Amino acid sequence: MEARGIDRSDHDRGRSDRGGSDRGGSDRGGSHRSDLDDEDRRESIEAELRRVDEDFRHLLTTASRSELLSRSDGTRWTNEQLLFHMLFGYLLVRNLLGLVRGFSRLPRWTSRAFATVLNSLWRPFHVVNYWGSLGGARVLGHARMERLFDTTTAELARRLHAATADELARGMHFPTRWDPYFVDYMTLHAVLHYPTQHYDHHRRQLTLSAVRGPGADRSR
C-alpha cells in the first residue's frame, strides 16, 4: 500500500526475497514450501511480530509533536500519518487471513479471477488508501494506535500457531497493482510476512530522530 508519489525504487530491489511466487503445481491452492522447515518459518514470523511491536511503541512514544507533524521522506504523508499507515498493514492482513484460507481450498482459477478484478480497481484503491491514512491517527489517537498494534500483532501470532503446516503452505493469487510487495501468488506464510515487509519499507521513510538521529537503528 503506497501513497501517490512514493519512491518505488526500494520496493523493486530484492524482489526475489518476497515469498509466494507462483511456481506451478496443481490447480488448487498450493503446496509452496520454502527451504525453512515449519518450525523455523513460524519462529521467523513470531520474531518479526515481537520486533515491530516493540519498535512501533518506541517510535510513537519518543517522537515529539513537531516530528510527528513533519513530512516523511518519499511520501505525501506526515510521520504521524505514515505511522498509522504502517499499523494499517497489520490490520489489513488480520482481515485477509480468512479470505486466503477460503480461496486456498478452491480451484486456483477462482483467486486468479478475483485478483484480476481487484487489479482493475487499483486507482480507487490507492485514492482510498491515501486519504484513509490522512485522518486515521487523529481519529484513533496515539494510545489507541499503540494498543491496536499490540492486540493485532498478538492475534496474528495466535493465528500463526493455530495454522497447520499445510495451511501455511497454501495460498491464493493477489492483486499485484495494489502493493509492490504483493506478488502473483502468496502462501499464508507469505501473507503473514507481508505486513512486516511493508512496515520496514515505510519505516525507512520516517524522518523521526529515532530512525535517523545519532545512534538510531538503520539496519531495517
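What share of the 220 residues in the protein do buried residues make up? Buried residues, meaning those under 20% relative accessible area, with exposed set at over 50% and partly exposed in between (1.4 Å probe, protein chains only), make up 49% of the 220 residues.

## Basis of the model

This is a predicted model, in which local features need pLDDT of at least 70 and side-chain atom pairs count only at pLDDT 80 or more, while totals for chains, interfaces and linings use all residues. Residues are numbered from 1 along each chain as its sequence is written, and side-chain values use heavy atoms, with hydrogens and water left out.

## Overall architecture

The protein holds 10 helices and 2 strands, taken as DSSP runs numbered from the N terminus (H or I of at least four residues for helices, E of at least two for strands). Read from the N terminus on, the elements follow the order α-α-α-α-α-α-α-α-β-β-α-α. Of the contacts (heavy atoms within 4.5 Å) between residues at least 6 apart in sequence, 76% join residues at least 24 apart.

## Packing of H2 and H9

Two packed helices are described by the angle between their axes and the distance between the axes. For helix H2 (residues 38–62) and helix H9 (residues 188–203), the angle is about 30° and the axes are 10 Å apart; the axes are lines fitted to C-alpha atoms, for helices over the stretch in contact, and angles run from 0 to 180 degrees between N-to-C directions. The crossing of H2 and H9 is left-handed, a term used if the near helix is turned anticlockwise from the far one by less than a right angle, clockwise being right-handed.

On the H2 side the contact is made by Arg41, Ser44, Ile45, Glu48, Arg51, Val52, Asp55, Phe56 and Leu59, and on the H9 side by His189, Leu192, His193, Thr196, Tyr199, Asp200 and Arg203. By class, the residues of this contact divide into 6 nonpolar, 4 polar and 6 charged, where Ala, Val, Leu, Ile, Met, Phe, Trp, Tyr, Cys and Pro count as nonpolar, Asp, Glu, Lys and Arg as charged, and the others, Gly among them, as polar.

The structure holds 12 salt bridges, each being a side-chain nitrogen of Lys or Arg within 4 Å of a carboxyl oxygen of Asp or Glu. One of them joins glutamate 146 to arginine 57, with the closest N and O atoms 3.3 Å apart; since glutamate 146 lies in helix H7 (residues 142–162) and arginine 57 in helix H2, the pair ties together parts that are 89 residues apart in sequence. Arginine 57 is partly exposed, at 29% relative accessibility, and, leaving out residues up to four places away in sequence, touches Glu146 and Asp150. A network of salt bridges links Asp53, Arg57, Glu146 and Asp150, and the C-alpha atoms of arginine 57 and methionine 145, which are 88 residues apart along the chain, are separated by 9.2 Å.

A salt bridge also forms between the side chains of arginine 138 and glutamate 80, at 3.2 Å from N to O. Arginine 138 belongs to helix H6 (residues 122–140) and glutamate 80 to helix H4 (residues 79–104), so this pair ties together parts 58 residues apart in sequence. Arginine 138 is exposed, with a relative accessible area of 54%, whereas glutamate 80 counts as buried at 5%. In a further salt bridge, glutamate 167 meets arginine 105 at 3.1 Å, N to O; glutamate 167 lies in helix H8 (residues 165–169) and arginine 105 in the loop between H4 and helix H5 (108–120), so parts 62 residues apart in sequence are tied together. Here glutamate 167 counts as buried at 19% relative accessibility, and arginine 105 is partly exposed at 44%.

## Helix H5 and its surroundings

Helix H5 has 13 residues and reaches 19 Å from its first C-alpha to its last, close to the 18 Å expected at 1.5 Å a residue, the expected span being 1.5 Å times one less than the number of residues. Its buried residues are Arg108, Thr110, Ser111, Ala115, Leu118 and Asn119, and they pack against H4, H6, strand E1 (171–173) and strand E2 (185–187). Asparagine 119 is buried with a relative accessible area of 16% and, not counting residues up to four places away in sequence, touches Pro175, Thr176, Arg177 and Trp178.

## Aspartate 38 in H2

Aspartate 38 is placed in helix H2 and counts as partly exposed at 23% relative accessibility. Aspartate 38 and alanine 165 are 127 residues apart in sequence and 6.1 Å apart in space, C-alpha to C-alpha; leaving aside neighbours within four places in sequence, aspartate 38 is in contact with Ala165 and Leu168.
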